[in-house]
Amino acid sequence: MAVAPRESDATAAEKPRAPTQQSAPLVQAVAISKHFGEGETRVDALREVSIDVNPGEVVALLGPSGSGKTTLLNVIGCILDPSAGSLSLDGELVIENGRWLRGNLRQLRLEKIGFIFQFHNLIPFLDATDNVALVRQLAGADAAASRARAIELLDYLEVGHRRASMPAKLSGGEAQRVAIARALANRPRIILADEPTAALDSKRASIVMDLLRKVALEQQAAIIAVTHDDKIFDRFDRIYNLRDGRLDAVEAMPGIGGRRTGL
Ligand SMILES: Nc1ncnc2c1ncn2[C@@H]1O[C@H](COP(=O)(O)OP(=O)(O)O)[C@@H](O)[C@H]1O
Ligand SMILES: [Mg+2]
């Protein structure tokens, strides 16, 4: 496969964890509801949505505009309060009956969750390395260790040759790979991606999705990605459809098993 890492990249990267026998979901959302506003202006963005994502799985979230996809990612990512429901992340119950059980959500996000957005959202005045290193430093690592981790990740995502480039000098695909490196900086087990390939052409979208699959498999991470791109559907283990705040269908993707071993 075109994006398979070279030997040297594999040794520079974090050692892949052995696949775990553990089958407990990394993300377990139970009957999450979220409404905005009250009375006539009330919008029910999520209606009793339940979703489990296991280590090593990549799932897609589909649905028309306004169906609640971003709201669901933001609740799972502990950015947004749900109105009701429960959420466990990496075995820790963090929301019970619509109430947070943890005070320090910022620390929780830094430890457990990596976000990737439609546009890379890199900080324009920091080079690629510092964009990634900053997230390590926010989690408490020192500057030198943070830069070393950043360079290792940029190599792993095959964009190490751009480590000193400013975001404006990167192509769309390179910038999105730097953004993925940033999302991985603190070794989160949960990665949430809101239309991560929407700004890329189909070849670069495939490369980015292949890299996300590699991350899921090697780091035993759970990935939820919002997408509209039917050319990359074969990269997902399961596809969920959101419609009007309801998660109404789950399609298992055939043929993924073979693809996995090819990575
Ligand atoms: N902060 C907000 N305040 C009020 N309504 C919101 C807010 N965020 C989202 N919504 C509404 O919730 C619904 C779901 O939005 P969203 O999750 O962004 O959908 P999607 O990502 O699928 O396009 C929409 O009707 C949207 O207008
Ligand atoms: Mg959205």
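The entries below go from the whole chain to its parts.

**Entry 1: the whole chain.** I noted at the start that this is a predicted model. I then looked up the secondary structure and found 8 helices and 11 strands in the protein chain. The chain has 263 residues, and buried residues make up 43% of them. I also checked the contacts with a separation of 6 or more, and residues 24 or more positions apart account for 69% of these.

**Entry 2: the open sheet.** In what order do the strands of the open sheet lie? I read off five names, β2-β1-β4-β5-β6, with antiparallel pairing. β2 and β6 (99–100) are the edge strands, and each of them pairs on one side only. I kept one general point beside this: strands of a sheet pair through backbone hydrogen bonds, either parallel or antiparallel.

**Entry 3: β1 and its two partners.** I followed β1 (residues 27–36) next. On β4 (residues 84–89), I found 5 bridges in the antiparallel sense. Q28 has S88 as its bridge partner in β4, and V30 has S86. With β2, β1 pairs over 7 bridges, again in the antiparallel sense. One of the places to look is I32, which stands opposite V49 in β2. β1 and β2 form a hairpin, and 6 residues lie between them. In that turn I found G37 with a positive phi of about 70°.

**Entry 4: α2 on the sheet.** Which strands does α2 lie across? I found it across β1, β2 and β4, and α2 runs at about 125° to β1. I then checked burial along α2: 8 of its 8 residues are buried, so the helix is largely enclosed by the rest of the structure. The buried residues are K69, T70, T71, L72, L73, N74, V75 and I76.

**Entry 5: around ligand 1.** I listed the residues that surround ligand 1: F36, V43, A45, G63, S65, G66, S67, G68, K69, T70 and T71. By type, the shell has 3 nonpolar residues, 7 polar and 1 charged. Which element gives the most to this shell? α2 does, with 3 residues. I also noted that β2 (43–53) and α2 (69–76) each supply at least two residues of the shell.

Entry 6: E48 has a positive phi, near 45°, and is not glycine. E48 sits in strand β2. Is E48 buried or partly exposed? E48 has 14 C-beta neighbours inside 10 Å, so it counts as partly exposed. The other residue I noted is C78, also not glycine, with a positive phi near 60°. C78 has 20 C-beta neighbours inside 10 Å, so it counts as buried.

**Entry 7: β8 and its neighbours.** I moved on to β8 (190–194). 5 of the 5 residues of β8 are buried, so this strand is largely enclosed by the rest of the structure. I190, L192 and D194 point one way from β8, while I191 and A193 point the other way. Which strands pair with it? β7 and β8 pair in the parallel sense over 4 bridges, and I113 stands opposite I190. β8 is also joined by 5 bridges to strand β9 (residues 222–226), and these two run parallel. There I found D194 opposite V226.

**Entry 8: α6.** Last, I looked at helix α6 (residues 172–184), which has 13 residues. From its first C-alpha to its last, α6 reaches 18 Å, close to the 18 Å expected at 1.5 Å a residue. I found 11 of the 13 residues of α6 buried, so the helix is largely enclosed by the rest of the structure. Among the buried residues are E174, R177 and R182, as well as V178, I180 and L184. What do the buried residues of α6 pack against? They pack against β7 (113–116), α4 (128–138), α5 (143–156), β8 and α7 (202–219).

Terms used: Residues are numbered from 1 along each chain as its sequence is written. Chains are lettered from A and ligands numbered from 1 in the order in which they are written. This is a predicted model: local features need pLDDT of at least 70, side-chain atom pairs count only at pLDDT 80 or more; totals for chains, interfaces and linings use all residues. A residue is near a molecule or strand if its C-beta atom, placed from the backbone, lies within 6 Å of it. Ala, Val, Leu, Ile, Met, Phe, Trp, Tyr, Cys and Pro count as nonpolar, Asp, Glu, Lys and Arg as charged, and the others, Gly among them, as polar. Two strands pair if DSSP finds at least two bridges between them. Two residues are in contact if their C-beta atoms, placed from the backbone, lie within 7 Å. Axes are lines fitted to C-alpha atoms, for helices over the stretch in contact, and angles run from 0 to 180 degrees between N-to-C directions. The expected span of a helix is 1.5 Å times one less than its number of residues. A residue is buried if 20 or more other C-beta atoms lie within 10 Å of its own, exposed if 12 or fewer, and partly exposed in between; C-beta atoms are placed from the backbone.
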